[in-house]
Amino acid sequence: MDIIQRNFLRLLRAGAFGEYEQTEPMSEWKWKRLYQTSQIHGVTPWIADGIRLGDGDFFLQQLSPALREKFYADNTERYEEFKQEHLTNPLLNRKLKQLTGERNGGPTLDLLLSLVGIARNILTQGVSLRHLIMLGTYLRTTHDAIDYEKLKEWTTNLGLERMARLEGSLLVELFHFTPDEIRFTDAAGDKDSRQVVSDIFKLTQKNAAEWYFTQGRSIFVRTNDSDAMMWHVKLSAKYMRYYPSEALTNFMANFAHSLSHIEE
């Protein structure tokens, strides 16, 4: 992990969770790269909060007033609705509908739906730092009201255990969560989660543009772009082992949706 990525995560943790760590010295060019990274991942407001929190940090003084103002001026929504009440696998979807139909919401069910939503997003668009921040915030503000044993039972019934473990491991790896904060799974920073973190920062400008374009829509809206389509195919294959029972039907559903979009 290079210095830009290290400072990016330090400021992201500070802005999202109030845990400030001193930054390392960087040139203006590297600060511009950090700003671009925050834009690609849609987390600039949290980075801006981290910069504000570190106002007395000597090395943050190397950030020019003009670029600092660009961070502060970003008005991207911090939170969005990402709970998912639908799976593409018919059997799993029936089980999910039974759970949501038998219960009138509540923190435990809300957390389950968030885990499902993040899983669907990972299979179609890759790991979203925004969604992980929202998951982490929910855990830290609602933990006492969550029935973790019931949640484990539900994730097992939905075949979600491996994906839930990945999500928990990313909270450990990226945001320094402790095992006691992610009691819905047995997770810790490991080789798999570190590889996923590396992949997050390999997101190119081209893939980033596609990610922005497809956010909340079919992943194959621009199927005439063969490179973009192959990127999504590889993405689906990469994460299939974390949720195999959902991954294939999810891929086919998005592909079919893209074809109907083109026909329209």
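This is a predicted model: local features need pLDDT of at least 70, side-chain atom pairs count only at pLDDT 80 or more; totals for chains, interfaces and linings use all residues.

Reader: In what order do the elements of the protein chain run from the N terminus on, and how many helices and strands are there?
Author: From the N terminus on, the order is α-α-α-α-α-α-α-α-α-α-α-α-α. Helices (H or I, at least four residues) and strands (E, at least two) are DSSP runs, numbered from the N terminus. On that basis the protein chain has zero strands and 13 helices.

Reader: What percentage of the residues in the protein chain is buried?
Author: Buried means under 20% relative accessible area, exposed over 50%, and partly exposed in between (1.4 Å probe, protein chains only). Of the 264 residues in the protein chain, the buried share is 52%.

Reader: Which residues have the most contacts inside the largest nonpolar core?
Author: A nonpolar core is a set of buried Ala, Val, Leu, Ile, Met, Phe, Trp, Tyr and Cys residues joined through side-chain atoms within 4.5 Å. The largest one has 68 residues, and helix 6 (residues 107-125) gives the most to it, with ten residues. The residues with the most contacts inside this core are L12, L112 and L139.

Reader: What is L12 in contact with, leaving aside its neighbours within four places in sequence?
Author: Contact means heavy atoms within 4.5 Å. With neighbours within four places in sequence left aside, the contacts of L12 are F17, V43, W46, I47, L129, I133 and F175.

Reader: Why is helix 3 largely enclosed by the rest of the structure, and what covers its buried residues?
Author: Helix 3 (residues 44-53) is largely enclosed because seven of its ten residues are buried. These are T44, P45, W46, I47, A48, G50 and I51. Their cover includes helix 1 (3-17), helix 2 (28-40), helix 4 and helix 7 (129-142).

Reader: Is E167 buried or exposed, and what does it touch?
Author: E167 is found in helix 9 (residues 161-175). E167 counts as buried because its relative accessibility is 0%. L115 is 52 residues away from E167 in sequence, and their C-alpha atoms are 7.7 Å apart. Not counting residues up to four places away in sequence, E167 touches L115, I118, A119, I122, L132 and L135.

Reader: Which backbone oxygen does the side chain of R13 reach?
Author: R13 is in helix 1 and is buried, with a relative accessible area of 6%. A polar contact is a pair of N or O atoms within 3.5 Å; within protein, one must be able to donate a hydrogen and the other to accept it, and residues adjacent in sequence count only if both atoms are side-chain atoms. At 2.7 Å, the R13 side chain reaches the backbone oxygen of L174.

Reader: Where does T88 lie, and which side chains are joined to that of T88 by polar contacts?
Author: T88 lies in the loop between helix 4 (65-73) and helix 5 (90-102). With 18% relative accessibility, T88 counts as buried. The side chain of T88 has a polar contact of 2.6 Å with that of E246, and another, of 2.9 Å, with that of T249.

Note on methods: Residues are numbered from 1 along each chain as its sequence is written. Side-chain values use heavy atoms; hydrogens and water are left out.
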